[in-house]
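Hi everyone, thanks for coming.

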Amino acid sequence: MDVNKNSNTFAFAAIMVIIVAALLSTAAIELKPFQDRNVELEKKQNILSSVGITIDRDGAENIYDTYIKSELVINVDGEEVEGSAFDVDLGVEMKKDAKSQLLPLFISNVEGVTRYIIPLRGKGLWGPIWGFISLEEDLNSVFGAVFDHSSETPGLGAEINRASFEDPFSGKSIFEGDEFTSIKVIKGGAEEDDMHGVDGISGGTITSDGVSDMLDERLRMYLSYFSTLKPATEVDSVFNKLVSIASVNNSIIN
Amino acid sequence: MSKSNLLSKRTKQLLSDPLDDNNPITVQVLGICSALAITVQLKPAIVMALSVLVVLSVANVIISLMRKIIPSRIRIIVQLVVVATLVILVDQVLRAFVYDVSKELSVFVGLIITNCIIMGRLEAFGMANGPWDSFMDGLGNSFGYAWILIAVAFFRELLGSGTLFGYPVLESLGIYELGYENNGMMILPPMALITVGVIIWIQRVKNIKLVESK
């Protein structure tokens, strides 16, 4: 038999394509439930991690409901809307215009302290990057942040999911007075007293800029909602200001 | 092939040649792209080396088994399909059962398909030799690829970030107190090329027969 005959070539190609297609689609369908489960558990793990609870993926399932007290879906005008926050896919939402986007918000209660967790999603160098940032009750100070990516360069942009990049976010603030400033990732390193900047990653500038843009873009969507919450927390903030004035006074006196 | 031949002189040579005399990276200068891209740190380099080992040896065997019925006009396409299928299967299985490893691999999975070493071995060896020899050839070349990758990653991570496997080696040895600073150049791709170049240089000093006559 001459394997190089045209008819043989076509037959070989056709059979190969059918076998490969069957093999791959079977694998994809059979493995999908396992893969989806991993993604869901990882999301829970990341949400918990943004409020300082470190746990492995399997454990995340069990304690998720203990710490995450409510899940809201809001819109850009700050109104609550129907929906399940956990199932909102930001990748889909961000293709809509700002007015019709669904914005998920998670509220945690860890040892009596309430924190607001905002899911993030943006563009890195090679693909999407995402994460969660948690704000203290004053809706200004950052408690923690976690980031992840699908395909940033290992050792460079991919470092955004390391503690060395994430940890400096805690304690920063997203407002300067009443003005929204977001948090910038600064190439060459942020000044030590910069409340709105963290160090960038050498060799990962485009990914770092992606993180800045993502924070600015996503947090901005929640500003109306924050302002509806603010009156409730105003008393606290006035009180906090008094404390800080007192400490300034003390330092002047001393 | 009889059992006594399983590790004959020839098969031993299939394993050992790619380590030095016929190294895929330093002598054939194949697979340079991945050697530059993923040698910033040791761990991904090792994961990449292992993945290439699995894909190359299995693909070489599959191509070798089919070599008599592959029409020569579409043989490259067939090789590519075999490699791509294997890579996607491995990726899917990893994602379902060892999610952490699959995250570590992320972009490399795609890089494996385009690794010239794999296509090169399938075309040059798998298409012309029996399955056992092809398997050995696959292993040998993967080892040849792996040791260069790991050597380059070792120096880049150590000198560029001061760590090995993420552990701060230089700091615990007190090298910084002697005035050393992490070399930022080492984590950028050009220094990978220079590191590979230095390895080639040293190799040719020790192995004179690799040096082309003028």
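Let's begin where the two chains meet: 24 residues of chain A are in contact with 26 residues of chain B. On the chain A side of that meeting place, the residues sort into 14 nonpolar, 10 polar and no charged. Please keep in mind that this is a predicted model.

Now let's take chain A by itself. What is chain A built from, in helices and strands? Chain A has 6 helices and 10 strands. Next, its overall dimensions. Along the principal axes, the C-alpha trace of chain A spans about 100 × 45 × 35 Å. The radius of gyration of chain A is 23 Å, whereas a compact globule of 254 residues would have a value near 18 Å. Of the 254 residues in chain A, 28% are buried. If you take the contacts in chain A between residues at least 6 apart in sequence, 52% of them join residues at least 24 apart.

There is one residue in chain A that I'd like you to click on, and that is Leu139(A). Where does Leu139(A) sit? You will find Leu139(A) in the loop between strand 5 (128-135) and strand 6 (142-149) of chain A. Is Leu139(A) buried or exposed? Leu139(A) is buried, because 20 other C-beta atoms lie within 10 Å, and 20 or more is what counts as buried. The backbone of Leu139(A) deserves a look as well: its phi is near 55°, a positive value in a residue other than glycine. Leu139(A) and Asp89(A) are 50 residues apart in sequence, and from C-alpha to C-alpha they are 23 Å apart in space.

Let's move over to chain B. Chain B has 10 helices and 0 strands, and from the N terminus on its elements run α-α-α-α-α-α-α-α-α-α. The C-alpha atoms of chain B fill a box of roughly 65 × 50 × 35 Å along the principal axes. For contacts in chain B between residues at least 6 apart in sequence, 78% join residues at least 24 apart.

Chain B also has a residue with a positive phi. Val29(B) has a phi near 50°, and Val29(B) is a residue other than glycine. Val29(B) is found in the loop between helix 1 and helix 2 (32-37) of chain B. With 13 other C-beta atoms within 10 Å, Val29(B) is partly exposed.

Now for some helix packing. Two packed helices are described by the angle between their axes and the distance between the axes.

Our opening pair is helix 1 (residues 9-16) of chain B and helix 8 (residues 131-161) of chain B, whose axes come within 7 Å and cross at roughly 30°. Angles under 35 degrees count as roughly parallel, so helix 1 of chain B and helix 8 of chain B are roughly parallel to each other. The residues making this contact include Leu14(B) and Leu15(B) of helix 1 of chain B, and Met136(B) and Leu139(B) of helix 8 of chain B. By class, the contact of helix 1 with helix 8 of chain B has 4 nonpolar, 3 polar and 2 charged residues.

Next come helix 3 (residues 42-66) of chain B and helix 4 (residues 75-97) of chain B, which pack at an angle of about 135° with their axes 10 Å apart. Helix 3 of chain B and helix 4 of chain B are therefore oblique to each other. Helix 3 of chain B passes helix 4 of chain B in a right-handed crossing. Among the residues in the contact are Val55(B) and Ala59(B) of helix 3 of chain B, and Leu86(B) of helix 4 of chain B. The residues of this contact divide into 11 nonpolar, 2 polar and no charged.

Finally, helix 3 of chain B and helix 7 (residues 116-126) of chain B pack at an angle of about 30°, with axes 10 Å apart. They are therefore roughly parallel to each other. Here helix 3 of chain B again uses Val55(B) and Ala59(B), and the partners on helix 7 of chain B include Ile118(B) and Leu122(B). This contact has 8 nonpolar, 3 polar and 1 charged residue.

Methods
Residues numbered from 1 in each chain as written. Chains lettered and ligands numbered in written order. Predicted model: local features only at pLDDT ≥ 70, side-chain atom pairs only at ≥ 80, totals over all residues. Axes fitted to C-alpha atoms, helices over the stretch in contact; angles between N-to-C directions. Helix = DSSP H or I, 4+ residues; strand = E, 2+ residues; numbered from the N terminus. Parallel < 35°, antiparallel > 145°, perpendicular 65-115°, else oblique. Left-handed = near helix turned anticlockwise from the far one by under 90°. Contact = placed C-beta atoms within 7 Å. Nonpolar A, V, L, I, M, F, W, Y, C, P; charged D, E, K, R; others polar. Rg over C-alpha atoms; globule rule 2.2 N^0.38 Å. Buried ≥ 20, exposed ≤ 12 C-beta atoms within 10 Å, placed from the backbone.
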